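This report looks at how two protein chains meet in a model. Please keep the sequence and the structure in view while reading.

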Amino acid sequence: MNIKFALAGNPNCGKTTMFNALTGANQYVGNWPGVTVEKKEGKVKGNKEDNITVVDLPGIYSLSPYTLEEVVSRDFLLNEDPDVIIDLVDATNIERNLYLTTQLIETGVPVVIALNMADLIEKRGLKIDTKRLSMVLGCPIIETSALKGTGLKELIAEAVKVAKQGEHQLPQSIFSEKIEKAIDTVVPALSETITANKKRWYAVKVLENDEKVMNHIVLSSQNKTTIDSLRKELETELDDDMESIITDGRYTYIQKLISTTVEKPKEKLTMSDKIDKIVTNRFLGIPIFLAVMFVVYYISVTTIGTFVTDWTNDVFVVAIQDAVSGFLGSVGASSLLTAVIVDGIIGGVGAVIGFAPQMAILFLFLSILEDCGYMVRIAFVMDRVFRYFGLSGKSFIPLLIGSGCGIPAIMASKTIEQDNDRRLTIMTATFIPCGAKLPVIALLGGVMAGKVAGWKAAGFIAPAMYFVGIAAVLVAAIMLKKTKPFSGKPAPFVMELPEYHIPSAKTVLLHVWERLKGFLIKAGTILVVACIVIWFLSTFGFEGGSFGMVEDTANSLIAAIGDFIAPIFAPLGFGNWQSVASSLTGFSAKEAIVSTMGVLANVAGDPEDAVNVAAGVAKWFPTGMAALSFLIFNLLDSPCLAAISTMASELNDRKWFWFAIVFQNVYAYCISLMVYQIGSLVLYGTFGFWTVVAFIVLAFMLFMLFRPDPYKDQKTYSLRSVEA
Amino acid sequence: MKLNEVEVGSTVTVKKIEGDGAYKRRIMDMGITKGVELYIRKVAPLGDPVEITVRGYELSVRKNDAQCVEVE
């Protein structure tokens with residue numbers, strides 16, 4: 001039998017952990033509300049009799065969606081008719097979790113409750129009378145611990161049983177007498193096409209006057225007037241609007257239910273509370289945040305990170321290169337093939353692979369931050385700052401994730417409820433240097449260090465680039481927020497602060513591995529192809545009137561292409577074909593910039609020194625400022641193709657998508673122009689036409705930044721994504 | 001009294017919730033309903049938002065948005 005289960009529940013109650021445990025999948029979990037933004041399907045493992053599909057849904061607090069990812073869940077539950085809803089209820093937060101349960105039961109789909117985190121019940125001194133709770137709610141309850149893997153077999157067995165029963169109890173009355181009477185009046189007025197088990201759900205929605213449901217439902221005008229007057233009567237009597245009366249009713253019911261089934265111990269400070277007292281302390285909160293950020297990026301980028309990376313580059317890659325070229329020589333491979341493999345592929349890919357350890361360390365830190373629960377505290381601590389720039393503290397989460405990879409960052413923007421803020425976050429999230437940009441930063445940092453006397457190490461360039469990224473986001477936010485499409489009152493900030501927990505080693509390591517695997521696969525596929533293409537383009541060309549391998553790369557195909565585009569970038573200080581070609585390959589993957597430079601630098605007559613590509617690259621940048629300008633342009637311009645396509649699907653609007661692409665590139669160009677021209681004027685005293693242009697751009701940006709906000713007094717919120 | 005005027009460390013009871021549709025709906029879904037007890041736990045380092053304990057869990061809301069909750 002084919003059976004479909006939906007995993008539903010509040011955010012952060014362990015749905016994905018449960019999903020992974022049931023299906024053996026490795027979906028990503030974290031300790032902040034909104035980790036899952038898309039539904040995911042999997043097959044339950046170890047059940048041969050039936051073909052069971054489980055669908056993991058984004059967490060929801062209620063069936064009235066507030067943010068986009070919640071719409072995904074509601075639509076699935078209501079329109080796709082799963083056989084059973086497995087409702088995950090967090091035992092440690094049972095009161096609010098049951099609120100959704102009361103709504104799920106109403107949908108008419110059989111519900112099986114998984115009382116999750118059951119292992120914590122005893123620890124907390126909670127006592128839950130599951131038998132009675134199950135009886136009153138009218139659905140089976142199984143105690144589970146998704147993390148420890150207990151109760152899962154029983155849960156599936158029970159859910160299968162319920163699915164096979166076919167028939168089940170109709171949802172019971174839970175509201176006060178008056179409301180129930182009103183519901184009873186609505187039920188017969190509903191069309192016959194609505195099945196008996198769904199009637200109650202629709203009756204409640206009609207009574208609430210829910211817009212979405214009302215649009216789908218046909219009521220005779222007589223019935224409509226009766227219901228409208230009934231609603232009005234109740235609203236005047238209870239002095240509130242109907243939606244609130246219903247919400248109130250549910251919580252009143254739960255409170256009563258809980259008073260007889262759950263025994264809570266006296267409140268005492270848990271470990272989590274104690275940690276939180278320090279971490280979000282009035283005085284220590286911000287210093288702790290800054291310290292954490294510094295430690296994370298400093299360690300992963302400069303100290304341990306570079307140490308491991310240097311070793312990989314110096315010892316590992318060179319060793320492979322030597323071994324492979326030795327082997328190829330001994331089997332008598334042609335020198336052309338040897339060149340493709342050793343210089344083209346290994347030289348190029350190797351320059352990037354070397355950064356894998358550094359990235360692993362960064363991913364490790366980020367996933368610990370996510371899993372322990374600190375991520376939301378950052379949003380809590382930083383909200384005030386972000387509101388100043390017209391964004392919500394929630395926007396910080398995508399930015400932080402973006403320092404690992406831009407794709408999940410863009411997807412995480414789904415949890416932002418206001419449509420214009422969400423767009424803004426999508427457009428700017430990739431300004432933050434992602435893991436793949438680290439090699440670029442390191443390489444150009446090396447170039448700059450070589451250029452500017454006294455800079456022994458490029459150590460502080462990486463932290464400086466994070467700063468540039470954040471500043472770029474904030475500047476863009478301020479400028480855009482003052483334009484009409486992005487204007488509007490700052491979105492409200494309502495966020496649950498989950499308890500801290502010790503990150504599970506399995507979760508963290510799995511996450512690091514998944515990300516790293518993605519990086520390595522990319523290096524093995526896209527980068528290899530890019531390297532071969534670049535190697536070909538830079539080795540072949542027209543020389544002496546005929547096509548063939550060229551002596552001088554300046555005659556190669558890539559030089560011709562690069563030279564054609566290069567004048568555009570001359571005002572930014574890197575108007576040579578090598579850097580332009582590298583920037584272009586950056587759109588396939590940002591680390592391809594480094595691999596391309598590796599190939600081009602080698603071809604340019606530096607094959608012995610594959611390790612230190614920087615030395616070869618340095619020739620293309622006349623000054624340190626030019627290198628800096630190149631670096632900034634490549635950090636801020638449109639992200640790699642994978643991220644661009646994620647942007648396209650999240651923006652879901654062609655016009656906005658092209659606006660985002662144009663904005664990112666023009667913005668990057670302007671910033672680089674100002675940095676290079678004004679920087680060169682200050683440092684080397686160069687002055688010319690483009691210096692003037694740079695000052696004009698600067699003046700324009702300053703105007704956009706500091707002009708009074710024409711939409712400041714707007715009292716209304718902008719459109720919510722759910723409505724859009 | 002409004003929720004944003006309540007001092008940190010005190011416990012209050014919700015009397016009424018005013019305000020605009022979506023936001024009101026959301027905070028009610030999160031458990032802030034008439035008659036429920038709220039404990040104002042702390043304020044963020046920069047003075048906003050506030051963290052409140054409601055129905056046994058921690059919720060953070062901005063002071064400005066909290067204005068719509070009438071408490072006593």
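## Salt bridges

A salt bridge is counted here when a side-chain nitrogen of Lys or Arg lies within 4 Å of a carboxyl oxygen of Asp or Glu. In this predicted model, the side chains of B:Arg41 and A:Asp273 form a salt bridge, with an N to O distance of 2.8 Å. Across the interface of chain A and chain B, the rule finds 12 salt bridges.

## Extent of the interface

Chain A contributes 48 residues to the contact, and chain B contributes 34 residues. Between them, the two chains bury about 3,800 Å², of which 50% is on carbon and sulfur atoms. On the chain A side, the residues that lose the most area to chain B are A:Arg282, A:Phe380 and A:Val494, which together account for 16% of what that side buries.

## A pair of helices across the interface

From α11(A), the contact is made by A:Glu243, A:Ser244, A:Thr247, A:Asp248 and A:Tyr251, while α1(B) supplies B:Lys24, B:Arg25, B:Met28 and B:Asp29. Sorted by class, this contact of α11(A) with α1(B) has 5 charged, 2 polar and 2 nonpolar residues.

## Confidence of the prediction

For the complex, the predictor gives an ipTM of 0.95 and a pTM of 0.85. Chain B has an average pLDDT of 90, with 99% of the residues scoring at least 70.

Definitions and conventions. Residues are numbered from 1 along each chain as its sequence is written. Chains are lettered from A and ligands numbered from 1 in the order in which they are written. This is a predicted model: local features need pLDDT of at least 70, side-chain atom pairs count only at pLDDT 80 or more; totals for chains, interfaces and linings use all residues. Side-chain values use heavy atoms; hydrogens and water are left out. Contact means heavy atoms within 4.5 Å. Helices (H or I, at least four residues) and strands (E, at least two) are DSSP runs, numbered from the N terminus. Ala, Val, Leu, Ile, Met, Phe, Trp, Tyr, Cys and Pro count as nonpolar, Asp, Glu, Lys and Arg as charged, and the others, Gly among them, as polar. pLDDT is the predictor's confidence in each residue, from 0 to 100. Buried area is the accessible area (1.4 Å probe) that two parts lose on being put together, summed over both.
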